[in-house]
Amino acid sequence: MSRAVIVGQGYAGLPLAVAAARAGHTTIGFDVDAERVRRLAAGDSHIEDVTADTLRDVLANGTYRPSSDEADLADFDVAVIIVPTPLSEGSPDLSHIESAARMLARHLRPGATVILESTTYPGTTDDFVRPLLEEVSGLTAGADFHLGYSSERIDPGNKTWGLKETPKVMAGISDKSAEMVRDFYAQIVDTPVLVSSPRVAELSKLIENTFRHVNIALVNELAMYADSLDVDIWEAVDAASSKPFGFMRFTPGPGVGGHCLPIDPVYLSWQVERTVGRLFRFVELANHINGHMPQYVVQRLMTAMNARRRTINGSRILLLGLAYKANTGDARESPALRVAELLLELGAELHAADPHVSESHPVGDGVVRVELTAEEVERADAVVLLTDHDDFDYDLIAWKAAYVLDCRRRLPRDRAGNVELL
Ligand SMILES: NC(=O)c1ccc[n+]([C@@H]2O[C@H](COP(=O)([O-])OP(=O)(O)OC[C@H]3O[C@@H](n4cnc5c(N)ncnc54)[C@H](O)[C@@H]3O)[C@@H](O)[C@H]2O)c1
């Protein structure tokens, strides 16, 4: 079996490294974060989708080894780069990809394969990673070594569609590279989807995320109008969803978060503007609407409290859920954090419960982290359900709360008057 290196042991890289190890590759899970590597080596998984048992199995049988020591990259056969692609002052920041590529190039041997998995704009593999690898290694892509791109579709918390079950898009810079890329993933995923070039694969990922971002924005904008029009948007979405073709269901919420939706579409709009000098208006609009949702949540809460002759200032408010989506501990870019910030600015006494988000995650000074208990719910002047984790006790919330703004339509609605939908 081959020697695989997965560079980046985060939400996307760790599941891939463990899957490669289980497929029989001798796998190095490389990360620059030495503390993360230390914890992984101790069998402590920071990703809910990779259980401690699974991690300990691959550690024990020696197929997986986390490392932050570059010497462990020697003699790799396949290396996958899956490091962050953030924004820096509104523009793509490829610095993590660059340092990972330079590092791998120092260990690149003829016959080896390098695959980029980070989400990025079309052309990154060909125009950015390829020259770096060639310059540092002195080898030629396509002739001496193989190069490709495969998009990451991991959906944290999804019990049905894991890495193995979800079809995976991939491409190589040449026929041989494509074959090597497909051979690697064919041992890990059920359905490799080979496309003609890395550019197509890169764009396909941005289409997926932009599609989601735009459709969430569409339903969020409708939610804001539907309330004024006195129509239940949720019921209207349910009704539209009865159409068996030509419609896909998206539901309103307090905004978008995570590493993908607030960031990836901007990679696409940035590249469109840079290349053709025009604004990608769908992305601009979706950013604007989804970015406004936390303010809308606060405005709805203010209106509801006003009707109860209360102000946000001085009220005790319990936020349920800090993660950006259900059943994950990922609170990066989470709209819940923006809701918290706005409520703190207005003088709320803010408590927040989220059993998935680590206590060490910064959630804003002044937010008291609590557990969801009957007493917490009873003592709150208002409760805002922001993330619909399965392990929240929804009956308890509905029966004990004075008032709930339910941003996810998760609460039983038979308690007249105390539960309102976003
Ligand atoms: N999280 C998801 O659900 C998801 C889904 C699809 C695609 N992606 C994409 O995958 C990529 C990685 O995202 P993530 O969520 O796994 O990020 P993450 O922040 O969870 O993990 C990234 C890891 O890479 C490490 N790292 C950074 N620079 C490094 C370097 N030069 N060498 C080695 N390690 C380095 C960091 O220490 C961190 O542990 C991004 O491009 C993201 O858009 C993520």
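How much space lies in the second largest pocket? About 520 Å³. Keep in mind that this is a predicted model.

**Second largest pocket**
- The lining of this pocket is made up of 24 residues.
- Nearest the pocket centre are Arg22, Asp49, Gly162, Leu163 and Lys164.
- By class, the lining splits into 10 nonpolar, 6 polar and 8 charged residues.
- Helix 1 is the top contributor to this lining, giving 4 residues.

**Helix 1**
- Helix 1 spans residues 13-22.
- Is helix 1 mostly covered or mostly open? Mostly covered: 9 of its 10 residues are buried.
- Gly24 follows helix 1. The phi of Gly24 is positive, near 105 degrees.

**Ligand shell**
- There are 27 residues around the ligand.
- Ala12, Asp31, Arg36, Thr85 and Thr119 come nearest to the ligand.
- The shell holds 12 nonpolar, 9 polar and 6 charged residues.
- Which helix gives the most to the shell? Helix 4, residues 95-105, with 3 residues.

**Polar contacts and cover**
- Asp31 places an N or O atom of its side chain 2.5 Å from an oxygen atom of the ligand.
- A polar side-chain atom of Ser99 sits 3.0 Å from a ligand nitrogen atom.
- Val32 uses its backbone: a polar atom there is 3.4 Å from a nitrogen atom of the ligand.
- On its own, the ligand has 830 Å² of accessible area, and the protein covers 92% of that.

**Enclosed space**
- Rolling a probe the size of a water molecule over the atoms shows where empty space is left.
- How many cavities of 30 Å³ or more are there? The count is 1.
- The largest cavity holds about 70 Å³ of space.
- Glu152, Arg153, Ile154 and Asp155 are among the residues that line the largest cavity. Its lining also includes Trp161, Gly162, Leu163, Thr166, Pro167 and Lys168.
- The cavity lining has 4 nonpolar, 2 polar and 4 charged residues.
- Gly162 and Leu163 line the largest cavity, and Gly162 and Leu163 are also listed among the residues nearest the centre of the second largest pocket.

Conventions:
Residues numbered from 1 in each chain as written. Predicted model: local features only at pLDDT ≥ 70, side-chain atom pairs only at ≥ 80, totals over all residues. Heavy atoms only, no water. Buried < 20%, exposed > 50% of the residue type's maximum accessible area, 1.4 Å probe, protein only. Helix = DSSP H or I, 4+ residues; strand = E, 2+ residues; numbered from the N terminus. 1 Å grid on protein atoms, 1.4 Å probe; cavity = no way out; pocket = protein on both sides within 12 Å on 5 of 7 lines; lining within 4 Å. Points joined across faces, edges and corners; volume = space filled by probe spheres on them. Nonpolar A, V, L, I, M, F, W, Y, C, P; charged D, E, K, R; others polar. Near = heavy atom within 4 Å. Polar contact = N/O pair within 3.5 Å; in protein donor to acceptor, adjacent residues only side chain to side chain. Areas by Shrake-Rupley, 256 points an atom, 1.4 Å probe, with all protein chains shown as cover.
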